[in-house]
Amino acid sequence: MGRLIAISNRTAADPGARAGGLAVAVWESLKSTGGVWFGWSGDLVGQPSRSVRVLKDDGVEFVLTDLSHEEHDQYYLQYANSVLWPVFHYRVDLAAFDSDAFQVYAAVNQRIANLVAERLQEGDSVWVHDYHFLLMGDSLRRAGWDGSIGFFLHIPFPPPEVFRALPEHQWIARAMCGFSVIGFQSQQDRSNFTRYLIEDCKGKDLGDGVFEAFNTTIKIEAYPIGIDAKSFEEAATTQKAAKASERIGRFLGGRNLVIGVDRMDYSKGLPERFEAVGRLFDDYPETHGSVSVTQIAPPSRSKVDEYRELRQTLDRLAGRINGDYGDLDWIPLRYLARSYEREELAGLFRIARVGLVTPLRDGMNLVCKEFVMAQDEADPGVLILSEFAGAAEQLKAAVLVNPHDTRKMAEAINHALTMPLDERKQRWEALRDVVTKQDIAWWRKKFLKDLESLQVDQG
Ligand code: GDG
């Protein structure tokens, strides 16, 4: 096999940035095969820079480019984060459509494609990641690359009826057909995309996951991303983890912990979750004084207005709940708008009785898988999972909820809090088996096997 070439907006060139979902997944893949990772350096400059920075770490080469202020604003903040992110999470109402921003988005895809194409060698496998680079297949073809190109979308792909709201939907779909393999997180995303291809692009299903559209064939599959299950399991029994459990244990004073950990983002369903917690205390008085809910929500993309509003909504909801129910020695719900180390999170998950993972829409969601791996097998906690997270297709033994139904969610939390040990163990064992078997290495191999088999076919 040739080299693996990854392209994503942010890379893991900065070791501190290796904590996020995408960064971990790609980093592990490149480390195990050796390869090159192209992306944004994280720096902003006056003019789009033609120069690149090359770094090496652990056998992985990073080729990084700066963004100009205009590119950062139009490609990254506007088109990727304020148009594609909301529309792909089914939130057309939040999209700030902007055709000028799309032009810059397309130009950045082409600029980076040119940079990559200059450095590609025959036999390389190119693996493009996420919604920042939907046009990259076509851009690389224009730059002269005719080898195989894989693409993995980390976020959901919306139904055609929603995708068509994008003024540029036809352009995007046609460009996506420049990829040789397109990977989605779930069967649901895959079928949304293939339905669009059939309905709008005269696409044909040739069987075996292969589709024909725009005079080319594309392999389209679901590859649910996993976590490094073993290492997260180990993280939960480190000293740092024990210290974090001990610290929160002092705060809990023997009460049951219900925990949530999510980037502060409207897709994660935090206001609905807080409403459900309010209903739990409204409808189940026996929980008063015996349960504490802690939500960790590190702020992200804080430059976008909706996130500021989200923060205010959470403040208001938490204020209402704590004002109504809190006592001298009990805080019913608190949220911490800051981040913790991975081991600390693992320690908190381990002593939690309930993990609340209730996004309104999520490509996969890795937190729920981490929660599972951190549990103590003798006394496992219960996972409450949104049916709208990609992970729900795999984690059927979780307590599945509709995150818009706050009354049912409150009922589910109460059910989880009172679940007998036998049932908790049974559910957890089933969850652990899936998370362990379909881990990050399984995901990487599954995707790369398909990408490489195409290369053989073409060669
Ligand atoms: C995108 C898709 C898909 C969170 N807070 C802290 C912290 N985290 C870590 C979690 C987890 C990761 O960040 C978040 O991953 P998610 O999957 O939950 O969500 P997104 O960031 O939205 O990721 C998603 C993913 O890509 C991968 O394909 O699953 O659907 O939206 O690992 O633990 N880590 C640390 N401190 C924190 O405070 N160290």
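Two strands are taken to pair if DSSP finds at least two bridges between them, and strands themselves are DSSP runs of E with at least two residues, while helices are runs of H or I with at least four, both numbered from the N terminus. The structure described here is a predicted model, in which local features need pLDDT of at least 70 and side-chain atom pairs count only at pLDDT 80 or more, whereas totals for chains, interfaces and linings use all residues. Residues are numbered from 1 along each chain as its sequence is written, and side-chain values use heavy atoms, with hydrogens and water left out.

The protein chain holds 16 helices and 16 strands. Its radius of gyration, taken over C-alpha atoms, is 22 Å, close to the 23 Å that the globule rule (2.2 Å times the number of residues to the power 0.38) gives for 459 residues, so the chain is as compact as a globular protein of that length. Along the principal axes, the C-alpha trace spans about 65 × 45 × 40 Å. Of the 459 residues, 57% are buried, where buried means under 20% relative accessible area, exposed means over 50% and partly exposed lies in between (1.4 Å probe, protein chains only). The accessible surface of the chain, from the Shrake-Rupley method with a 1.4 Å probe, comes to about 18800 Å², and carbon and sulfur atoms account for 46% of that area. Contact means heavy atoms within 4.5 Å; among contacts between residues at least 6 apart in sequence, 76% join residues at least 24 apart.

Next comes the ten-stranded sheet. This open sheet has the order E3-E4-E2-E1-E5-E6-E7-E10-E9-E8, with mixed pairing. Its edge strands are E3 (52-57) and E8 (204-207), each of which pairs on one side only. From one strand to the next the twist averages 25 degrees, with axes fitted as lines to C-alpha atoms (for helices over the stretch in contact) and angles running from 0 to 180 degrees between N-to-C directions. At the E8 end, three bridges join E8 to strand E9 (residues 210-213) in the antiparallel sense, and Gly-207 has Val-210 of E9 as its bridge partner. Helix H2 (residues 69-88) lies across E1, E2 (35-45) and E4 (60-68), and runs at about 95 degrees to E4.

Within this sheet, strand E5 (residues 125-129) is mostly covered, as five of its five residues are buried. Ser-125, Trp-127 and His-129 are on one side, Val-126 and Val-128 on the other. Strand E1 (residues 4-10) pairs with E5 in the parallel sense over four bridges, with Ile-5 opposite Val-126. E5 also pairs with strand E6 (residues 149-152), again in the parallel sense and over four bridges; here the bridge partner of Val-126 is Ile-149. The chain passes from E5 through helix H4 (residues 136-142) to E6 in a right-handed β-α-β crossover, a label used if, with the strands pointing away from the viewer, the path from the first strand over the helix to the second runs clockwise.

Strand E7 (residues 181-184) is likewise covered on both faces, with Val-181 and Gly-183 buried on one side and Ile-182 and Phe-184 buried on the other. E6 and E7 pair in the parallel sense over three bridges, and Phe-151 stands opposite Ile-182. E7 in turn pairs with strand E10 (residues 216-222), parallel and over four bridges, where Gly-183 stands opposite Glu-221.

Strands E11 (residues 256-261) and E12 (residues 291-296) pair in the parallel sense over six bridges, and Val-261 has Ile-296 of E12 as its bridge partner.

E14 runs parallel to strand E15 (residues 382-386), joined by four bridges, and Leu-356 stands opposite Ile-384. Together, E14, helix H13 (residues 367-374) and E15 make a right-handed β-α-β unit.
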